[in-house]
Amino acid sequence: MKTTISNVKNHVGEQVTIGCWLANKRSSGKIAFLQLRDGTGFIQGVVEKSKVDEEIFKKAKQLTQESSLYVTGVVRVDERSPFGYELGVENIEIIHEASDYPITPKEHGTEFLMDNRHLWLRSKRQHAIMKVRNELIRATYEFFNDQGFVKVDPPILTGSAPEGTTELFHTKYFDEDAYLSQSGQLYMEAAAMALGKVFSFGPTFRAEKSKTRRHLIEFWMIEPEMAFYQFEDNLQLQEQYVSHIVQSVLKNCSLELKTLERDISKLEQVVPPFSKITYDDAIALLHKKGFNDIAWGDDFGSPHETAIAESFDKPVFITHYPTSLKPFYMQPDPNRPEVVLCADLIAPEGYGEIIGGSERIHDYHLLKKRLEEHHLDEAAYKWYLELRQYGSVPHSGFGLGLERTVAWICGVEHVRETIPFPRLLNRLYP
Ligand code: 4AD
Ligand code: MG
């Protein structure tokens with residue numbers, strides 16, 4: 001019977017055939033161990049000389065890495081392997097013989113692996129990261145659908161710049177100028193006024209000349225936007241959402257987390273409520289920790305975020321940043337207009353900011369003034385201002401960066417491993 005590796009648990013003691021690739025191989029005079037993968041998982045195939053035709057054993061010993069195969073054998077429980085099963089191989093049919101596969105089991109440099117990303121994705125570790133990424137996406141749809149949100153798709157080609165004009169990818173749109181979306185937020189605000197609670201999940205683009213372990217040029221963002229939600233409501237939703245995706249990965253990706261050697265005790269603690277610290281208190285905390293390079297009004301860099309996060313064992317909200325540091329649309333604190341009703345959520349263990357969010361300005365005149373102060377072209381934002389002319393309501397939202405969140409949950413150092421084909425400074429290949 002044809003099956004997949006993920007399904008062998010339902011066929012213990014039976015003979016099955018699996019379409020697969022040879023990931024790795026070890027053999028001696030009497031036995032060959034084949035590491036087989038089929039996309040759904042990895043399983044060890046055991047070929048014993050005494051149990052198969054001579055010709056099959058010879059074939060097994062000569063198999064080359066990444067050759068594609070149909071392997072037939074009997075499923076056995078294997079308590080020593082984390083996967084729990086192995087295959088007693090009876091027959092091997094070669095579909096396509098690979099030769100000189102470039103990624104060998106030895107160590108390779110990062111640039112070499114990045115040049116071979118189209119093949120590197122096949123490795124066990126990359127496979128595990130992609131499965132966790134997929135679980136995050138699945139759990140995101142589950143969470144927002146259960147909470148009554150409607151998925152809305154904002155455009156990718158836009159005429160506006162929510163997060164500032166310095167990091168835009170410019171393109172021609174026939175005779176007009178257009179930009180690749182930095183964030184779908186402004187459109188999601190319009191959607192929230194039509195549908196109440198909405199979320200988007202899509203690619204976003206930032207022409208940032210940053211070469212850090214947290215920056216991609218193209219990344220995927222989940223952007224919920226909620227009518228009638230104020231600052232505190234927004235934070236509560238965020239901690240519930242982040243806890244849900246972490247707990248879903250723990251539940252559904254235990255094998256992948258094992259492959260990644262992730263310390264899950266830290267993830268198990270990720271349940272509401274999360275701590276909050278104001279920007280003011282964060283500055284004071286940094287001074288106490290010896291960061292004398294930072295003053296009120298400065299933005300935090302990665303070392304600052306890491307130092308703040310170290311004081312907490314769960315993700316932590318940094319709230320009420322100076323108005324001057326944040327985009328034009330954020331609602332100033334009514335009691336203290338020099339700060340805004342915003343929060344960044346900082347992941348533990350040095351993974352930095354995973355969410356940026358805020359309450360939005362809902363007063364027409366204030367928003368118009370803020371657009372002017374930011375020298376933004378009012379004509380391009382006419383429609384956005386109109387949202388404040390027809391039944392404006394308090395509303396809030398946030399954006400979670402998928403890749404940074406995957407990096408944190410997987411415990412991988414660099415975001416380049418968390419997206420199938422990363423777009424980085426100086427890298428558009430493959
Ligand atoms: O903080 P940001 O810039 O916020 C926004 O774009 C808001 N308009 C979102 C909203 O309120 N709807 O970006 C949100 C998140 C960051 O916290 C980070 O996780 C991720 O997007 N992010 C990046 N991830 C990878 N590479 C980059 N260059 C990123 N820039 C932001
Ligand atoms: Mg941000």
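Helices and strands here are DSSP runs, at least four residues long for a helix and at least two for a strand, numbered from the N terminus.

**Entry 1: overview.** I'm working with a predicted model. I looked up the secondary structure and got 13 helices and 19 strands for the protein. Along its principal axes, the C-alpha trace spans about 85 × 55 × 40 Å. I also checked burial: of the 430 residues, 38% count as buried. Then I looked at contacts with a sequence separation of 6 or more, and 66% of them are between residues 24 or more positions apart.

**Entry 2: the sheet.** Next I followed an open sheet of 8 strands, and I wrote down its order as S7-S11-S12-S19-S18-S17-S14-S13, with mixed pairing. Which strands stand at the edges? They are S7 (150–151) and S13 (275–278); each has a single partner strand, so one side of each is left without a neighbour in the sheet.

I zoomed in on one pair. Strand S14 (residues 316–319) and strand S17 (residues 342–347) run antiparallel and are joined by 4 bridges. In that pair I found Phe317 opposite Leu345 of S17.

Helix H5 (residues 185–195) touches S7, S11 (197–205), S12 (218–227) and S19 (395–401), and its direction makes about 30 degrees with that of S12. Helix H9 (residues 279–288) touches S13 and S14, and its direction makes about 85 degrees with that of S13.

Entry 3: In soluble globular proteins, nonpolar side chains tend to be buried together. The largest one has 74 residues, and Val132, Ile308, Val316, Ile318, Leu402 and Val406 touch the most other members. Which helix gives the most to this core? That's H6 (residues 231–252), with 8 residues. Apart from this core lies another, of 22 residues, including Cys20, Val52, Leu87 and Val89.

Leaving out residues up to four places away in sequence, Ile308 touches Ile277, Ala282, Leu285, Leu286, Val316, Ile318 and Ile346.

**Entry 4: two helices crossing.** Last, I checked how H6 meets helix H4 (residues 124–146). Their axes come within 9 Å and cross at roughly 130 degrees. An angle between 115 and 145 degrees is neither roughly perpendicular nor roughly antiparallel, so I noted H4 and H6 as oblique to each other. The crossing is right-handed. On the H4 side, the contact is made by Val132, Glu135, Leu136, Ala139, Thr140 and Phe143. H6 brings Tyr241, His244, Ile245, Ser248, Val249 and Asn252.

Notes
Residues numbered from 1 in each chain as written. Chains lettered and ligands numbered in written order. Predicted model: local features only at pLDDT ≥ 70, side-chain atom pairs only at ≥ 80, totals over all residues. Core = buried A, V, L, I, M, F, W, Y, C linked by C-beta atoms within 7 Å. Buried ≥ 20, exposed ≤ 12 C-beta atoms within 10 Å, placed from the backbone. Contact = placed C-beta atoms within 7 Å. Pairing = 2+ DSSP bridges. Axes fitted to C-alpha atoms, helices over the stretch in contact; angles between N-to-C directions. Parallel < 35°, antiparallel > 145°, perpendicular 65-115°, else oblique. Left-handed = near helix turned anticlockwise from the far one by under 90°.
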